[in-house]
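Keep the viewer open and follow the residue numbers.

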Amino acid sequence: MATAFDVVGRIFSITCTVIACLTSFFLIFRHLTHNKFPALRTCTIRILLMIPIYAIEACVALAQQVMPYGAEILKFVREMYEAVVIFSFLQFVLVCAGGPQAV
């Protein structure tokens, strides 16, 4: 049975998740329409997609009281995408520096 504190916490987490996703998708849209450099745009969008993935994962874990095997799946997805974001950041830095030849 959920207490009033649990309900308020879930409502707050869902509200924050929706706000985070909306602002992230707005920034992604702005990068798609205004960024003229495709290599930088791709890296930036990958990095910005980390916000909704983390927010949704945290909200699902909180709202559903995930079973242990479900928590491991969510953790795997989160850490897998974190590796993609780290790679994208390094790629972003290389592109900004002028490519591997310039470094």
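A salt bridge here means a side-chain nitrogen of Lys or Arg within 4 Å of a carboxyl oxygen of Asp or Glu. The structure, a predicted model, holds one such bridge. Its partners are the side chains of Arg78 and Glu57, at 3.3 Å from N to O. Arg78 belongs to helix α4 and Glu57 to helix α3, so the pair ties together parts that are 21 residues apart in sequence.

Now turn to the helix packing. Start with helix α1, residues 4–34. Its axis and that of α3 come within 9 Å and cross at roughly 165°. Angles over 145 degrees count as roughly antiparallel. That makes α1 roughly antiparallel to α3. The crossing of α1 past α3 is left-handed. On the α1 side, the residues that meet α3 are Gly9, Arg10, Ser13, Ile14, Thr17, Ala20, Cys21, Ser24 and Phe25. Facing them in α3 are Ile51, Pro52, Ala55, Ile56, Cys59, Leu62 and Ala63.

Helix α1 also packs on α2, at an angle of about 175° and with the axes 10 Å apart. This pair is therefore roughly antiparallel as well. From α1 come Ser24, Leu27, Ile28, His31 and Leu32. They meet Arg41, Thr44, Ile45 and Leu48 of α2.

Next, follow α2 (residues 38–48) to α4. These two helices pack at about 150°, their axes 9 Å apart. They are therefore roughly antiparallel to each other. Again the crossing is left-handed, α2 passing α4. Helix α2 makes the contact with Ala39, Leu40, Cys43, Thr44, Arg46 and Ile47. Helix α4 supplies a list that includes Tyr81, Val84, Val85, Phe87, Phe89 and Phe92.

Which residues make the nonpolar patch of about 690 Å²? They are Met67, Tyr69, Ile73, Phe76, Val77 and Met80. Met67 sits in the loop between α3 (50–64) and α4 (68–97).

Note on methods. Residues are numbered from 1 along each chain as its sequence is written. This is a predicted model: local features need pLDDT of at least 70, side-chain atom pairs count only at pLDDT 80 or more; totals for chains, interfaces and linings use all residues. Side-chain values use heavy atoms; hydrogens and water are left out. Patches are made of residues with over 30% relative accessible area and no salt bridge: like charges are joined within 9 Å, nonpolar side chains (Val, Leu, Ile, Met, Phe, Trp, Tyr) within 5 Å. Accessible areas come from the Shrake-Rupley method with a 1.4 Å probe; for residues, only the protein chains shown count as cover. Helices (H or I, at least four residues) and strands (E, at least two) are DSSP runs, numbered from the N terminus. Axes are lines fitted to C-alpha atoms, for helices over the stretch in contact, and angles run from 0 to 180 degrees between N-to-C directions. Angles under 35 degrees count as roughly parallel, over 145 as roughly antiparallel, 65 to 115 as roughly perpendicular and the rest as oblique. A crossing is left-handed if the near helix is turned anticlockwise from the far one by less than a right angle, and right-handed if clockwise. Contact means heavy atoms within 4.5 Å.
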